Amino acid sequence: MLKLVHAIISRDLRLAMRRRADIVSALFFFIIVVSLFPLGVGPEPELLRKLAPGVLWVAALLATMLSLPRLFADDHRDGTLEQLALAPQPLGLIVLGKVVAHWLVSGLPLALLAPVLGLQFDLSSDALWVLSSTLLIGTPALSGIGAIGAALTLGVRGGGVLLSLLVLPLYIPVLIFGAGAVDATVTGLGAQAHLSLLGALTLGGVFFAPWPTAAALRIALD
Amino acid sequence: MLEVSRLECVRGERSLFAGVGFRLDGGEMLYLQGRNGSGKTSLLRILCGLAQPAAGEIRWRGTTIDTLGEDYRRELCYLGHHNAIKEELTPLENLLASARLADEALDEGAALEALEMVGLAGREDLACRYLSQGQKRRVALARLVNERRALWILDEPYVALDAAAIELVAGLLGAHLQRGGLVVLTTHQAVDVAAGTVRQLRLG
Amino acid sequence: MSNKQINWFKFASPQAFYPLAGRMIPWFWGLAAVFGIAGLYIGFLVAPTDAQQGEGYRIIFLHVPASWMSMFIYLVMAFWAGLGLAFNFRLSGMMASALAPTGALFAFLSLWTGALWGKPMWGAWWVWDARLTSELILLFLYVGFIALQSAIDDPRRADKAGAILALVGVVNVPIIYFSVKWWNTLHQGSSVSLTKSPSMAMTMLWGMLLCALACWMYAIAVALMRVRTIMLERERHTDWVRAELRELCEPAGGE
């Protein structure tokens, strides 16, 4: 079973490496969205510090959304998804592998990049550190929950916009605890409780989401 | 081994076919025929368990395929209308990846041999997007060289292939039937397969 | 026991349910009218003017039932959806899609009346109160469900996909609610405190309950009407729908 998850992760990573442009453009989207905010609200450091957690997290949600439609669409188009659905293992495990691979090329780079962008917002080093960890802990949940939406909208007209409509409301708890943790650090309260809850959401998201996703994929293939 | 009874398929509001039934044993091959849109591909997908029939049931070794689930899929090899190969990967990577995902042991040497056999020697390390349609189909068919699962379900295996490749596939099918395997396939080309019993079923 | 089950399965088929629903609809409309009139009578004429909030508070006779209904209908929708996925009843999916617009309407009404209430009470059309925010997210979930179902052409696939979404949503609703509540307590910067609800007079409670019953009856009546339309549309190629339509058209055709 682990062998299968490993096989799908390594295949998806290899594919992602052959299409690095997709990863890079999602990252630049993240950078641009975050950089637009100071231009919109003004450069006062006090205000920017206050806005930073929310802005960075919302931008991270949007950047994740960008790569979600392709999570299953490519496999669906070239017939690989049928083969995956016919593999002699639970489809949920394959989805789990794809979710992990998706996180490695979307969530992880965002988490690594976020501290640099946090500097633009005059965040303290403590807050930068927490920001990066919240993204590290929270973005797997985004990939997991997003997979459900990606599977439900597979092959549906207007899929991309519809996907955002379905998935963004479900992202709200992750956003609240993720941005809340950074906010709590900025205002001097501990971020511990936020981080634990965020971790719980991620565990739930990553381990439960593959099953409804698998069911949705079978419906899409029928 | 494979028993199909009173199968009905509804697409949208139209009934594509109803009351389809047949029985296939080891060493037998079923040619599925019918004009375009008669539901050949739908029937194959139902046989795989990818699509649900509106009525009827499919039994494999006496048990319905829904009950068998993974045990059925472990004995099934499906080659669909699409090649199921990744354009970004090379033929060799494609072959190895699909074997690993299907939980089959396939080492690099055997994969290279299979590619050579389908006439892709020297193209193993070229990304598939640079291959022609026929060559892509050959990559997909290379899976069959080392395939030992009992039931092969093939959707238009001969499409886009030249005469030499068609002969090669017919040879693979013959060997599979000789081993006691089962084949269900659709095709518009009548191709002679050396071994096994050939049955026919016409839809629509 | 087994008799009962057979009855259930009988009405699970659209053909059997269609005439039954048709007979029930006038009753529910009637009950909705009776409860509505009684509730509004109590609400506007019997219930006393609130000492702190004046006359404006009377909007709760619509606001509170609408909020209840919006949440409850989501649960019912998810229940039908789950039933449809588990047993493959055609009727379940139709019920779920018939309920969604009504649920969305109530969520919207709840937000709208909440804003109308909020302006005189708190001086703002919108405050980021936990309940208001959750209601807004609930509206998003309804919109997502309706959008997904209408984007998929094949009704069977639409039913199943919608069912999965509704079930995922129902698991998430409590998580969303508690996270929003937590977020709200951490950000309680504004002077408005919504947790102190004024002690409610008995008459107000009665009025509210009657209005809630009226909303119930209305929701059932409308959902049944909608499900009948969906049935006719989806099964238009079956004999029973053709017979039904012929019957409907005959008086008109005679002229």
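Start with helix 1 of chain B, residues 40-48: in this predicted model, helix 1 lies across strand 1 (2-11), strand 2 and strand 4 of chain B. Relative to strand 1 of chain B, helix 1 runs at about 125 degrees.

Now look at the sheet under discussion. Four strands of chain B make up an open sheet, ordered 2-1-4-5, and the pairing is antiparallel. Strand 2 (14-24) and strand 5 (63-64) of chain B are the edge strands, each pairing on one side only. If you follow strand 4 (residues 55-60) of chain B, you'll find that strand 4 and strand 5 pair in the antiparallel sense over two bridges. Here Arg59(B) stands opposite Thr64(B) of strand 5.

The contact between them takes 10 residues from domain 1 of chain B and 11 residues from domain 2 of chain B. On the domain 1 side, there are eight nonpolar and two charged residues, with no polar ones.

Then there's the other chain. In all, 21 residues of chain A are in contact with 23 residues of chain B. Helix 1 (2-18) and helix 5 (80-85) of chain A each supply at least two residues of the side that touches chain B, and helix 1 of chain A gives the largest share, seven residues. By class, that side of chain A divides into 10 nonpolar, four polar and seven charged residues.

Technical notes. Residues numbered from 1 in each chain as written. Chains lettered and ligands numbered in written order. Predicted model: local features only at pLDDT ≥ 70, side-chain atom pairs only at ≥ 80, totals over all residues. Contact = placed C-beta atoms within 7 Å. Nonpolar A, V, L, I, M, F, W, Y, C, P; charged D, E, K, R; others polar. Pairing = 2+ DSSP bridges. Axes fitted to C-alpha atoms, helices over the stretch in contact; angles between N-to-C directions.
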